[in-house]
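Here is a short briefing to read with the model open beside you.

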Amino acid sequence: MYPLINKLTVKALWQSPSIRTMTTARIGVAQMRSTNDKQHNLAQIQTITARAKANDVQFIFFPECCDYVGTHREETLKLSEPLTGATVQQYKNLARENNVWLSFGGVHESIIENQEVKNIYNTHILINNAGELVANYRKLHMFNVVTPEFKFRESETVRSGPTLVPPVETPIGRIGLQICYDMRFVEASTILRKQGADILTYPSAFAMSTGRAHWEVLLRARAIENQCFVVAAAQIGFHNKKRESYGHALVVNPWGTILGQASDEDLDVVIVELDFDKLHSVRTNMPCFEHRRDDVYNLSASGGSPNIWKSSKKTKYSFGGFEIQADTIFYESEHSFAFTNIRCVVPGHVLVSTKRAAARMPDLSPAQINDFFQTVCKVQKAAERLYDASSSTVTVQDGPDAGQTVFHVHCHIMPRRVGDFPENDQIYGELNRHDKEPERPRRPIEEMAAEATRFRDIMSRMGL
């Protein structure tokens, strides 16, 4: 078993051979019954934490609505808090005092507009053993359903989150963050696995009728098809006169075997050993993700600020055999990256390149082509917003007879304004000449880096 460690050392340790080859991790998975009494709910969390710590766990997972369950929309909004509020601070203190990582799967995060809470996010947060909030994921899929037993419209109170969050490095492996109803959308879990997830989490307050029919089968399916551990903390019982949850907090291994399940008690914690030798053997003996037909179908995440490039990254990308300076890169996706230009035909002229050094478009796989043009469209939107343009010239010079001089697939994105050239198509001649004219000087790196910073900022604010 590995000792609990501080956030500052998690990434380095996880990348070391000892962590990557760890054999077991001990976790606690909670089952509780929240009401609209926050202090009562906090007391349950404290009790479960004490029970789990007595069993020497490294990580404790709590369910959706662990902070509270409101009796109506107005109360739900009123009780909500920002992630900087008192409730999350109490969770941070609990993690630090007990030297344990905590997952709180679905707290009510207030969205304040004009000094009033109009909506909330259903937000899954991770807090490390130093009491620091290290990740948050806002639920993507809204539970808007009608069944013979009940109807529920989550979107009347909750705003859908903007993006998937890449798996989070922790002492027990890479954790993919989801919430409850998200488990029905297999594409999200597959993308998280492709991004390196070892553990998929589905903290829930599952309804009774759907729980009886689908809870176990969905969780086992997500584990089997993604060859990941699945951890599902759960709410149980009547929260108020209108709302009841199914319970049955569950942990499943990558083969689909149930490792532990909660009792019918309102307050319970499942203690489970995650066997990473089993995970390794399942993936080695049946390498499903190597057998996927990316030439026929593929999945990739799109949208969301996690793709915004951080200039402090140590990853290096080259274009046409030359390394691109990190400060000039402002966006990356699974297969592409965007960077500012040495010589610009118009203000805001930027480039999108494939990460793979393919010479021509037909050399790319379908997944790479799809990703490349999705990235082009996002960068185009940002360039037009940043440079107050309503149009763009977007061009790929594919082959020498089309004007290609750098034999690495790339796209020029040039925001356009009325009258920027006497003849509109003159821009193509300027594009052909822009790298060949010795009198057109290279831009200073400082200028390119400053422009990249502006692009990062606008793309983050646009949610691209």
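Helices (H or I, at least four residues) and strands (E, at least two) are DSSP runs, numbered from the N terminus. This is a predicted model, in which local features need pLDDT of at least 70 and side-chain atom pairs count only at pLDDT 80 or more, while totals for chains, interfaces and linings use all residues. Residues are numbered from 1 along each chain as its sequence is written, and side-chain values use heavy atoms, with hydrogens and water left out.

**Domains**

- The protein chain splits into domain 1 (24-290) and domain 2 (317-462); these bounds come from an automatic or database domain assignment.
- Between the C-alpha centres of domain 1 and domain 2 there are 41 Å.

**The six-stranded sheet**

- Strands β8-β9-β10-β11-β14-β15, in that order, form an open sheet with mixed pairing; two strands pair if DSSP finds at least two bridges between them.
- At the edges are β8 (168-170) and β15 (258-261), each of which pairs on one side only.
- On average, neighbouring strands of this sheet are turned by 20 degrees against each other, direction ignored; axes are lines fitted to C-alpha atoms, for helices over the stretch in contact, and angles run from 0 to 180 degrees between N-to-C directions.
- Within this order, β9 (residues 173-177) and β10 (residues 199-201) are a parallel pair with three bridges, and G176 stands opposite L200 in β10.
- Helix α7 packs on the sheet and touches β10, β11 (229-232), β14 (250-252) and β15, where contact means heavy atoms within 4.5 Å. The direction of α7 makes about 30 degrees with that of β14.

**The β4-β5 hairpin**

- Five bridges join β4 and β5 (residues 133-138) in the antiparallel sense, with I127 opposite L133 in β5.
- The hairpin has five residues between its strands, and there G131 takes a positive phi near 80 degrees.

**The five-stranded sheet**

- A further open sheet, of five strands, runs β19-β20-β21-β23-β22 with antiparallel pairing.
- Because β19 (329-332) and β22 (391-395) stand at the edges with a single partner strand each, one side of each is left without a neighbour in the sheet.
- The twist from one strand to the next averages 20 degrees.
- The antiparallel pairing of β22 with β23 (residues 410-416) runs over five bridges; S391 stands opposite R416 in β23.
- Helix α10 (residues 426-433) packs on the sheet by touching β22 and β23, and its direction makes about 130 degrees with that of β23.
- Helix α9 (residues 366-386) lies across β19, β20 (336-340), β21 (350-354), β22 and β23, at about 25 degrees to β23.

**Cavities**

- On a 1 Å grid over the protein atoms alone, a cavity is a set of points where a 1.4 Å probe fits but cannot get out, and lining residues have an atom within 4 Å of a point. Grid points are joined across faces, edges and corners, and a volume is the space filled by probe spheres set on the points.
- The model has three cavities of 30 Å³ or more.
- The largest cavity has a volume of about 60 Å³. It is lined by 13 residues, of which D67, E81, T87, V107 and H108 are the closest to its centre.
- Both α5 (86-98) and β3 (101-113) supply at least two residues of that lining, with β3 giving the most, three residues.
- The lining of the largest cavity divides into six nonpolar, three polar and four charged residues. Here Ala, Val, Leu, Ile, Met, Phe, Trp, Tyr, Cys and Pro count as nonpolar, Asp, Glu, Lys and Arg as charged, and the others, Gly among them, as polar.
- The second largest cavity, at about 50 Å³, has a lining that includes K38, L42, D67, T87 and Y91.
- Its largest share, five residues, comes from α3, and the lining holds four nonpolar, four polar and two charged residues.

**The second largest pocket**

- Of its 40 lining residues, K151, F152, R153, K242 and R243 lie nearest its centre.
- Elements that give two or more residues to this lining include β3, β4 (116-127) and α7 (208-226); α7 gives the most, with four residues.
- The lining of this pocket comprises 15 nonpolar, twelve polar and 13 charged residues.

How values were computed:
On a 1 Å grid over the protein atoms alone, a cavity is a set of points where a 1.4 Å probe fits but cannot get out, and a pocket is an open set with protein on both sides within 12 Å along at least five of seven lines; lining residues have an atom within 4 Å of a point.
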